[in-house]
Every structure is written in C-alpha cells, then in structure tokens.
Amino acid sequence: MPAAWRGVGRGGGAAAPAFLPPLLLLLLLRGVAGGSYRPVVIVHGLFDSPSDFRHLRAFINESHPGTEVTVLDLFDRGASLRPLWVQVEGFRRALAPIMANAADGIHLLGYSQGGLICRALLATMPDHNVHSFISLAAPQMGQYGDPHHRELYLNSSDFLALLNDERVHPNASDWKRNLLRIQSLVLIGGPDDGVITPWQSSLFGFYDANETVREMSAQAVYLQDTFGLKTLAARGALGGCAVPGVGHTAWHSHRPVYERCIRPWLT
C-alpha cells in the first residue's frame with residue numbers, strides 16, 4: 001500500500017502511517033490556518049437517496065463547521081438502475097453550477113456505484129475543479145465474474161472498460177488528462193464489506209485468471225498507467241484506508257472511518 005494509507009481496527013483505533021505526505025500536510029495546515037473549507041459534494045450509490053447520508057453530513061458539519069455539503073438528489077432509489085452514462089450526464093449538469101461557485105475547488109465523494117459515476121465525471125469534464133476525489137467502497141475494478149469472461153468484458157463493456165482505457169476509444173488521452181486535474185485520490189474499502197467482490201476492487205485490486213486477488217500495483221491499468229493511477233501514486237496524490245469490520249451499507253455512517261479516512265482530506 002502507498003505510505004499515505006492507513007487501517008482502522010474493529011475497535012475504532014488506527015494504524016497511522018509513518019508520515020503524512022507533504023501535500024496532505026500542507027492541506028491540513030491550510031485548513032487549520034485558513035479556517036475555511038472547500039464545499040463537499042456527495043454522489044450516492046445504488047438504491048440510495050440523500051437522506052441516507054445524514055450521518056456523514058452531520059460528521060462533516062461537526063468537524064468542519066460552515067462547510068457546504070451537497071448530496072446530489074438525482075437518480076434516487078430505483079432510478080439508480082438507469083444506464084450509467086445517462087446518470088453521469090445528469091450528475092454533470094447538477095455538479096457544474098456548484099463547481100462554478102467554488103473558486104478554490106470542491107471535494108467529490110462517491111459511494112459505491114457513485115464512486116464509478118464520479119470517476120466518469122472527472123474523466124469527461126475538462127474544466128472540473130475537484131480537489132480531492134474520495135472513492136468510498138466503490139467497485140473501481142468491477143465485480144466478480146470478469147476473470148473468466150475477459151474478452152466478453154472488453155468487447156461489450158461501454159463503461160468500465162472505457163474508463164480504465166482497456167478498450168480502445170478516441171477520448172482516452174483527454175480523459176486521462178482530465179482525471180489528473182485532481183490533487184488527491186482517496187480509496188476506501190475493507191474485507192468485511194460483503195458486497196464489493198473482491199473487496200480489493202475498492203482499492204483497484206482484482207482477481208487474475210486463477211481467481212487470485214492482485215493488488216493495484218500489479219494491475220495492468222496501473223503498470224501501463226492507462227488512465228493515471230501510476231502518475232497519481234508517483235506524485236504522492238494517492239491515499240486511502242483498508243478498514244475491517246465495516247459492512248457495505250455502513251461506510252457513510254461509521255464515525256471512525258470518517259475521522260481516520262475522510263476528514264483529513266476535507267480541507
């Protein structure tokens with residue numbers, strides 16, 4: 001794992017990293033000295049709605065008073081089953097005016113399916129001003145099944161394979177450049193998620209053809225830097241947490257996860 005990552009124990013304790021990367025340290029100092037925080041925008045997951053994020057909103061308001069927190073109220077509940085590119089377009093329209101009113105940029109948090117939607121937003125918005133992208137329990141490398149249907153996936157996926165630049169498309173260079181506008185990518189997941197399979201998909205790990213999980217640094221998309229992961233890691237912009245003891249629907253209401261894994265990036 002990158003040095004900026006940490007773990008949160010079942011009892012709420014943390015195994016802190018040996019040091020904070022310079023970028024994060026500067027951000028923390030800015031938050032303390034400046035007394036103001038960037039707006040936070042949240043994109044919900046499958047079958048969710050904004051009301052499901054009341055705990056996370058409360059955590060942010062308590063720790064960072066005055067922060068503007070918006071849970072985008074689109075494609076709620078059953079509507080979250082609509083095609084992902086349709087959702088991306090709807091969320092893009094909702095996000096644009098928020099970004100336009102945030103001169104210093106915003107933080108974007110995507111939970112579960114919302115994490116994939118957020119990554120598509122970042123890739124397809126050349127003028128976005130997202131500072132930190134926090135991917136909370138999102139299947140960034142997909143769900144179980146792909147190891148034995150690789151060719152089918154590459155030939156038929158019109159969403160994830162395009163985002164990962166595993167399927168040739170004319171926008172790949174632009175999408176990579178757009179994603180790399182972010183200052184930080186924060187990946188959060190854990191072994192007791194119970195939904196994301198394998199759970200390491202939340203951290204860009206996935207099965208190989210023998211169903212052995214390979215971590216992010218062993219993935220072709222990382223090694224070939226197809227969409228920018230390796231670049232982000234090289235500049236110290238990749239961080240996150242592997243957290244045991246948290247089920248999939250509890251990530252956004254789990255206070256220790258917020259304190260250890262999310263709060264430090266919301267400056």
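## Strand β6

All seven of the seven residues of strand β6 (residues 130-136) are buried, so this strand is largely enclosed by the rest of the structure. Buried denotes under 20% relative accessible area, with a 1.4 Å probe and protein chains only. Strands here are DSSP runs of E with at least two residues, and helices are runs of H or I with at least four, numbered from the N terminus.

The model is predicted: local features need pLDDT of at least 70, side-chain atom pairs count only at pLDDT 80 or more, and totals for chains, interfaces and linings use all residues. Residues are numbered from 1 along each chain as its sequence is written, and side-chain values use heavy atoms, without hydrogens and water.

## Pairing partners

Six bridges link β6 in the parallel sense to strand β5 (residues 106-111); pairing requires at least two DSSP bridges between two strands. Within this pair, leucine 109 lies opposite isoleucine 134 of β6. Strand β7 (residues 184-189) also runs parallel to β6, joined by five bridges, and its serine 184 stands opposite serine 132.

## Helix α4 and the crossover

From β5 the chain passes through helix α4 (residues 113-124) to β6 in a right-handed β-α-β crossover, that is, clockwise from the first strand over the helix to the second with the strands pointing away from the viewer.

Twelve of the twelve residues of α4 are buried, so the helix is largely enclosed by the rest of the structure; among them are Leu116, Ile117 and Arg119. These buried residues pack against β3 (40-43), α3 (84-100), β5, β6, α6 (160-163) and α7 (172-179), contact meaning heavy atoms within 4.5 Å.

Note on methods:
Buried means under 20% relative accessible area, exposed over 50%, partly exposed in between (1.4 Å probe, protein chains only).
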